[in-house]
Amino acid sequence: MNVDSYQVLLNYSFRLLTRKNYSEAEMRTRLDRKGKKVLLSDLESAIPKVIARLKEFNYINDDKILENFFEYRLRSKPQGRFLFLGEMRRRGIAKEKAAAEWDKKQVDEQELAKDLIKKKERQFRGLDKYARKKKIATFLASRGFGADTIWGLMDSND
């Protein structure tokens with residue numbers, strides 16, 4: 001049976017894109033994995049064609065992923081610069097591009113952290129001063145906030 005690798009991978013990519021947006025690197029990885037799983041021939045030539053077609057349709061667009069992050073994700077689940085850059089790296093977006101987008105949006109980490117602490121205020125109530133600061137610092141660090149932001153908030157809460 002002669003299977004057209006391009007068509008199989010294109011159909012698979014359409015199914016993937018119905019669930020979530022993928023970066024170019026994520027899509028390449030998924031297509032490669034699928035092609036090897038079903039033993040498709042000429043993967044090396046089919047994958048770039050599929051990626052080019054998806055870009056032509058504007059179905060994969062790394063700039064759109066960055067934009068959507070700031071529009072939706074940052075509001076629903078605030079995080080600091082370090083976690084943002086790590087997440088974008090995992091999605092295959094270049095660190096320089098992600099850092100430039102963060103800087104362009106002029107995100108105020110201090111304000112994000114303050115809002116996050118306000119939302120979690122109930123969890124920190126009832127603790128002594130030292131334990132409260134420790135919990136807040138640990139929480140903010142786990143959300144990717146830098147030491148300067150964390151200590152800036154700790155100093156202002158004295």
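**Helix packing and loop residues**

Modeller: Let's start with a contact: R81, F84, L85 and M88 in helix 5 meet K95, A98, A99, W102 and D103 in helix 6. Contact means heavy atoms within 4.5 Å, and helices (H or I, at least four residues) are DSSP runs, numbered from the N terminus. These contact residues divide into six nonpolar, no polar and three charged; Ala, Val, Leu, Ile, Met, Phe, Trp, Tyr, Cys and Pro count as nonpolar, Asp, Glu, Lys and Arg as charged, and the others, Gly among them, as polar.

Modeller: This is a predicted model, where local features need pLDDT of at least 70, side-chain atom pairs count only at pLDDT 80 or more, and totals for chains, interfaces and linings use all residues. Residues are numbered from 1 along each chain as its sequence is written, and side-chain values use heavy atoms, leaving out hydrogens and water.

Biologist: At what angle do the axes of helix 5 and helix 6 cross?

Modeller: Two packed helices are described by the angle between their axes and the distance between the axes. Here the axes of helix 5 (residues 81-90) and helix 6 come within 9 Å and cross at roughly 140°. Axes are lines fitted to C-alpha atoms, for helices over the stretch in contact, with angles from 0 to 180 degrees between N-to-C directions. Helix 5 and helix 6 are therefore oblique to each other, as angles under 35 degrees count as roughly parallel, over 145 as roughly antiparallel, 65 to 115 as roughly perpendicular and the rest as oblique.

Biologist: Where does Q106 lie?

Modeller: Q106 is in the loop between helix 6 (95-105) and helix 7 (109-119). Its phi is positive, about 50°, although Q106 is not a glycine.

Key
Helix = DSSP H or I, 4+ residues; strand = E, 2+ residues; numbered from the N terminus.
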